[in-house]
Amino acid sequence: MLGSPPRLLLLLCSFALCGYAGARLLDGDRFLIALWFVGAAVLHDLVLLPLYATADRLLVRSAGRHREGVNHVRVPAALSGLLLLVWFPLITGRVSERYAGATGLSADGYATRWLVLTAVLFGGSAVLFAVRTRRRGHGPVRRRRRGPVVDGTPPPSADG
């Protein structure tokens with residue numbers, strides 16, 4: 001099944017946009033760009049994927065009983081990694097002159113901003129985890145008496 005007509009139209013539009021972006025991108029040195037794409041795919045599939053899959057397995061194993069906190073590490077790590085992947089040339093300073101020449105802006109500070117943003121992501125996730133853990137840990141556990149529902153009215157609760 002191919003899907004509904006709106007979905008097919010959206011898919012065709014996304015292919016058209018990707019084709020246009022690819023044509024614009026490949027307007028320069030086609031061999032180096034193709035080499036970069038192949039190298040990125042190989043680097044990701046053969047090196048990075050096994051590394052972060054192993055790191056994730058170690059994280060889950062080390063969490064033990066506290067597996068609910070694993071996503072509080074996964075999400076900021078994934079977002080930080082994605083930002084690093086997108087802005088890597090500017091973060092490392094490899095294209096500073098080229099960037100300044102093309103945009104008229106300075107490329108200084110990308111590494112610092114990425115580190116600060118990464119710290120904010122992990123800090124916010126830690127605060128969210130602490131709030132969730134505290135909410136679960138405080139207050140008496142209230143249990144409701146379960147009984148049959150008669151005439152559509154639920155049984156009275158234990159707290160009155």
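Helices here are DSSP runs of H or I with at least four residues, numbered from the N terminus. The model is a predicted one, in which local features need pLDDT of at least 70 and side-chain atom pairs count only at pLDDT 80 or more, while totals for chains, interfaces and linings use all residues. Residues are numbered from 1 along each chain as its sequence is written, and side-chain values use heavy atoms, with hydrogens and water left out.

Select Val42 to begin. Val42 lies in helix α2, which covers residues 30–63. Its relative accessible area is 42%, so Val42 counts as partly exposed (between the limits for buried, under 20%, and exposed, over 50%, with a 1.4 Å probe and protein chains only).

Next, select helix α3, residues 71–92. This helix bends by about 65° at Val86, with Pro89 following within four residues; the bend is the angle between axes fitted to the seven residues ending there and the seven starting there. Within α3, the buried residues are His72, Pro76, Ser80, Leu90 and Ile91. Their cover includes α4 (96–103) and α5 (110–137). After α3 comes Gly93, with a positive phi near 80°.

Now display Leu90, Ile91, Ala107, Tyr110 and Trp114 together: these five residues make up the largest nonpolar core. Such a core is a set of buried Ala, Val, Leu, Ile, Met, Phe, Trp, Tyr and Cys residues joined through side-chain atoms within 4.5 Å. Helices α3 and α5 each give two or more residues to this core.

Finish at Ala107. Leaving aside residues up to four places away in sequence, Ala107 touches Leu90, Ser96 and Tyr99, where contact means heavy atoms within 4.5 Å.
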